[in-house]
Amino acid sequence: MTATPHPDDPASTPGVPAIALVTGASRGVGKGIALALGAAGWTVYLTGRGSAGDGGPLEVAAAEVSARGGTGIAVHCDHRDDAQIAAVFARIAAEQDGLDLLVNNVWANPDGFAGFSDPFWRRPVGDWDSLIGVGLRAHYVASVEAARIMVARGRGVIANISSFGTRGYLHSVLYGMSKAGLDKMAADMAVELRGTGVSTLSLWPGIVRTEQVLALGVEDIEGFPIAGAETPEFVGRVVLALATDPAIGDRSGATVITAEAALDYGITDIDGGQPVSHRAAFGGGAVFGIREEKEL
């Protein structure tokens, strides 16, 4: 299945800029997605923490999006604050004709790497505030704001960056809870968005070669070789293909494994490689697949 331009979709019409918001895009997967969209000529709003004009990673990432041929716009936002999230969408609504794509990617580590090595009863309950408060609640808030813009226009895609941690144990109890919540959120939002022209997805990348992962200096994570891991831009290429697919509505509510979707769309990684799906290692695919049409 290959994405083809759709005459009614500004996200795939030559000469018509598409508008995206990628949260948590100063580095890692978020930055890779923003870069892939920029290379396709999109206008991309990137959020991250920091101060405007600080020349930090977020503003560097936005400049790289522009250098790829798109328009990168850095918006400093603390996603723990609902008002700041709402302000991002208010700015987009004021500056653009609409919003074609929201990628919910922002995420926060628990304090200290022990959050992923110590069992839950030895960890502070406050870990909830990062892994659930930012890793799930902030995505819900952003999705509400995005849907208000998208439904009024009759089109748009809301995509969550989730994880195989929904299917099998990965990292920690709270990590798995947050990712399972993202998948269920996409599935149930799709039910309520049916007929609006707005689609929702959850994505499961495999191990990704982010700056943080490479800095660890390890050869594998959870038994998966780093050398064969996906790059952040590979995830971005898959997101771009999904967002510009005229049949995206058929996938609405589903959880999509990025390595498998890449095969559907004929996508390779930036080095020409073909990352493999971790489906077998985690005991199967997504909990929420392509939905069947049912009367509400």
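## Rings and a buried serine

Tutor: The side chains of Ser143 and Asn104 are joined by a polar contact of 3.0 Å. This is a predicted model, where local features need pLDDT of at least 70, side-chain atom pairs count only at pLDDT 80 or more, and totals for chains, interfaces and linings use all residues. Residues are numbered from 1 along each chain as its sequence is written, and side-chain values use heavy atoms, leaving out hydrogens and water.

Student: Why does Ser143 count as buried?

Tutor: Buried means under 20% relative accessible area, exposed over 50%, partly exposed in between (1.4 Å probe, protein chains only). Ser143 has 2% relative accessibility, so buried it is.

Student: Okay, rings next. How many aromatic pairs are there in the whole structure?

Tutor: A search finds four. Rings of Phe, Tyr and Trp (its six-membered ring) pair if their centres lie within 6.5 Å; planes under 30 degrees apart count as stacked, over 60 as edge-to-face and the rest as tilted.

Student: Why is the pair of Phe120 and Trp121 called edge-to-face?

Tutor: Their centres are 5.3 Å apart and their planes stand at 90°, so edge-to-face is the label.

Student: What makes Phe120 exposed?

Tutor: Its relative accessibility is 58%, so Phe120 counts as exposed.

Conventions: Polar contact = N/O pair within 3.5 Å; in protein donor to acceptor, adjacent residues only side chain to side chain.
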